[in-house]
Amino acid sequence: MKKPLDDLTKAKLIYSGELILFAIVAAVLATLTLTGVIGMSDTKVTWFTWITLVGGTLLIGNTIWFFASKKKRAKGSWLDTLLLLPVPFAMIPIDIIHLVNQAIPNEDYKFIISSALFYVTVIYTIEGIYHWFNPLPVLVEAAKEDEEEKKKEEKKPTDIDSEI
């Protein structure tokens, strides 16, 4: 009979699987964009520009918060924070150039979008593998708390035990 998975293994499996799934989705989107299956219209370029501008700004803000907060550093991962940081620093200047004078042709955007998505693919794959072997501290804490709660519940006398 198979031994059931403990809480930490389940959490690692879910988190690593989620990261690998995001990597697969990013790879598919990058490939479809690069091959021209997903075309580059003005609307799509504008949406991508605003999404990466806002998302990049939030990612830089999150990184600053990570470095400033001991509590956040204790629960998070340096790898997750630092490996994704080149994306906003590359995309925000491109976004600003596009918003100011639309100097980048839409056809060139398929290379920009694909490059960013392929980078994210590589990073999420690395993080998925890394976090399987080195789980986030917050996952380890949560698994320990769940185990402690299970032990407490096992030690509690049930109503049947108290009647006997």
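**Labels and their cut-offs**

Guide: Phe 67 is partly exposed, because its relative accessible area is 36% and the class runs between buried, under 20%, and exposed, over 50% (1.4 Å probe, protein chains only). This is a predicted model, in which local features need pLDDT of at least 70, side-chain atom pairs count only at pLDDT 80 or more, and totals for chains, interfaces and linings use all residues. Residues are numbered from 1 along each chain as its sequence is written, and side-chain values use heavy atoms, leaving out hydrogens and water.

Visitor: How many aromatic pairs does the structure hold?

Guide: There are 5 aromatic pairs; the rule takes rings of Phe, Tyr and Trp (its six-membered ring) with centres within 6.5 Å, and calls planes under 30 degrees apart stacked, over 60 edge-to-face and the rest tilted.

Visitor: Are Phe 66 and Trp 78 buried or partly exposed?

Guide: Phe 66 has 3% relative accessibility and therefore counts as buried, whereas Trp 78, at 45%, is partly exposed.

Visitor: Why is the pair of Phe 67 and Trp 78 called tilted?

Guide: The angle between the planes is 45°, with 5.3 Å centre to centre, so the pair falls under neither stacked nor edge-to-face. Phe 67 lies in helix H2 and Trp 78 in helix H4, so this pair ties together parts 11 residues apart in sequence. Phe 66, Phe 67 and Trp 78 make up one aromatic cluster.

Visitor: How do you know that Lys 110 forms a salt bridge with Glu 107?

Guide: The closest N and O atoms are 3.7 Å apart, and the rule asks for a side-chain nitrogen of Lys or Arg within 4 Å of a carboxyl oxygen of Asp or Glu, so the contact qualifies. The count by this rule is 1 salt bridge. Both residues lie in helix H6 (residues 106-133), 3 residues apart, about one turn of the helix.

Visitor: Why is Lys 110 called buried?

Guide: Lys 110 has a relative accessible area of 18%, so the value falls within the buried class.

Conventions. Helices (H or I, at least four residues) and strands (E, at least two) are DSSP runs, numbered from the N terminus.
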